[in-house]
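Open the model in a viewer and keep the selection panel at hand.

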Amino acid sequence: MTSTAPAVPASIPDAAQAQRRILRVLVASQVLSGAGLAAGVTVGALLAQDMLGSTSLAGLPSALFTAGSALAAITVGRISQARGRRPGLATGYLTGAIGSAGVIVSAVLDNPVLLFIALFVYGAGTATNLQARYAGADLAPAGHRARAVSTVLVATTFGGVAGPNLAAPAGTLAEHLGIPHLAGLFVISGAAYALAALVLTLWLRPDPLLLARTVAQAKEADAAANPASADATDTSEGRGGVVLGALVMILTQLVMVAIMTMTPVHMHDHGHSTAASGLVIGIHIGAMYLPSPLTGWLVDRYGHMKIAAASGITLLAAGLLAAGAPGDSVALLALALALLGLGWNFGLVSGTAIIADTVPLATRAKTQGLVDVSIALAGATGGITSGIMVAATSYPALALTGGALSLALLPAIAATAYRR
């Protein structure tokens with residue numbers, strides 16, 4: 001005997017059709033925001049090193065904008081929970097644009113205190129860029145959520161790869177405007193974040209989270225009236241799923257940020273140009289996002305656990321290669337950073353899918369925001385300790401430590417799988 005799926009009133013937009021439109025708008029905003037987030041990664045540490053004349057605090061900018069992203073993750077999550085994804089994401093990107101403007105002013109004034117404050121505010125763009133992945137999954141059916149997440153993530157590639165490679169021409173433009181060369185990318189990031197906010201404000205309609213709630217409520221009401229027509233509900237892994245998903249993303253973020261932050265400084269110390277650093281970081285960001293469609297398919301096809309374990313192994317390989325690469329080899333450093341980005345991608349997509357499958361709609365955005373706070377704090381820890389560790393030891397020691405730490409994922413995944 002077959003059963004009929006719960007009906008959705010005709011007055012409610014079709015979820016599948018709305019999902020296609022929502023993904024298109026999110027992709028457009030992510031292309032822009034990808035260019036925005038690249039500035040802090042590429043030249044943030046170099047700006048601080050130039051102002052302070054010291055490598056030991058070169059990791060502080062990364063720590064600050066990732067700490068700022070922690071606060072922004074809470075704010076964006078709460079706004080999204082109360083009012084929907086559109087106002088939450090748009091507010092986050094606009095805040096990132098304001099932070100970019102602050103960095104430019106600090107560079108003109110050669111004021112490191114203002115630089116650090118502005119980088120903290122700039123971190124809102126990074127947090128919002130990551131929060132957008134959850135919006136892609138709000139209306140996705142079970143079994144396709146990882147692919148929906150990956151569609152949003154891969155769009156960041158285009159802006160993320162282009163952004164760092166605009167470092168040299170952006171610096172030239174900045175000098176013509178009376179702005180220090182290194183601050184040029186922040187001119188691009190400010191405009192990119194502002195445009196991303198505008199795109200979401202104008203075109204992210206219907207709001208995916210609000211529509212998902214409406215559809216769920218309509219199905220629940222229909223199921224209550226017609227019990228025989230109810231669909232089987234999604235299974236939930238409960239609190240343990242949230243903890244595992246968060247742990248996977250926290251460790252991958254910590255390792256990735258620590259090694260990534262000090263790579264441009266390491267290259268600078270070996271005589272490489274800003275353009276060379278931009279190329280390596282561009283390849284890294286491409287590897288962070290470009291494999292997302294394949295990763296999403298792998299997660300939906302083979303499950304969260306296997307891809308999360310692959311994340312730890314790939315990050316270990318990245319750490320070993322970064323540690324062993326000669327300082328004058330751009331090619332090997334680029335390959336190491338590509339593996340670093342790929343390992344992060346495996347962890348982010350698998351961890352996000354675990355969270356999306358676990359958290360109910362009633363508390364989804366708030367919980368996702370809190371999880372991203374933990375991720376941001378892990379990034380801040382990686383950023384600030386990376387500079388201190390390199391100053392005290394060396395870049396290879398940092399890379400080896402990060403690779404070894406990534407292996408902590410494996411026993412956690414094995415323990416969770418055993419409990420099943």
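For the helix pairs on this tour, an axis is a line fitted to the C-alpha atoms over the stretch in contact, and an angle runs from 0 to 180 degrees between N-to-C directions. The model is predicted.

**Whole chain.** Show everything as a cartoon. The protein has 16 helices and 0 strands. Of its 420 residues, 56% count as buried. Take the contacts between residues at least 6 apart in sequence: 86% of them join residues at least 24 apart.

**Helix 4 and helix 14.** Select residues 364-392, which form helix 14, together with helix 4; the latter spans residues 112-137. The two pack with axes 10 Å apart, at an angle of about 150°, and their crossing is right-handed. To see the contact, show side chains on both sides. Helix 4 contributes Leu130, Gln131, Arg133, Tyr134 and Ala137, and these meet Arg364, Gln368, Gly369, Val371, Asp372 and Ile375 of helix 14. Sorted by class, this contact has 5 nonpolar, 3 polar and 3 charged residues.

**Helix 3 and helix 4.** Angles over 145 degrees count as roughly antiparallel, so helix 3 is roughly antiparallel to helix 4. What is the hand of the crossing of helix 3 and helix 4? It is left-handed. The contact of helix 3 with helix 4 has 15 nonpolar, 11 polar and 1 charged residues.

**The nonpolar cores.** Next select Leu26, Leu115, Leu119, Phe186 and Leu340. These have the most contacts inside the largest nonpolar core, a set of 100 residues. Centre on Leu26 and display what surrounds this residue. Beyond neighbours within four places in sequence, Leu26 is in contact with Leu89, Ala132, Ala135, Gly136, Val152, Leu200 and Leu204. Another core, of 9 residues, lies apart from the largest one; among its members are Val248, Ala308, Ile354 and Ile413.

**Thr66.** Finish in helix 2, residues 60-83, where Thr66 is placed. Is Thr66 buried or exposed? Its relative accessibility is 4%, so Thr66 counts as buried, the cut-off being under 20%. Leaving out residues up to four places away in sequence, Thr66 touches Ala376, Gly379 and Ala380. Now draw a C-alpha to C-alpha distance from Thr66 to Ile375: the two are 309 residues apart in sequence and 8.8 Å apart in space.

Key. Residues numbered from 1 in each chain as written. Predicted model: local features only at pLDDT ≥ 70, side-chain atom pairs only at ≥ 80, totals over all residues. Heavy atoms only, no water. Helix = DSSP H or I, 4+ residues; strand = E, 2+ residues; numbered from the N terminus. Parallel < 35°, antiparallel > 145°, perpendicular 65-115°, else oblique. Left-handed = near helix turned anticlockwise from the far one by under 90°. Nonpolar A, V, L, I, M, F, W, Y, C, P; charged D, E, K, R; others polar. Core = buried A, V, L, I, M, F, W, Y, C linked by side-chain atoms within 4.5 Å. Buried < 20%, exposed > 50% of the residue type's maximum accessible area, 1.4 Å probe, protein only. Contact = heavy atoms within 4.5 Å.
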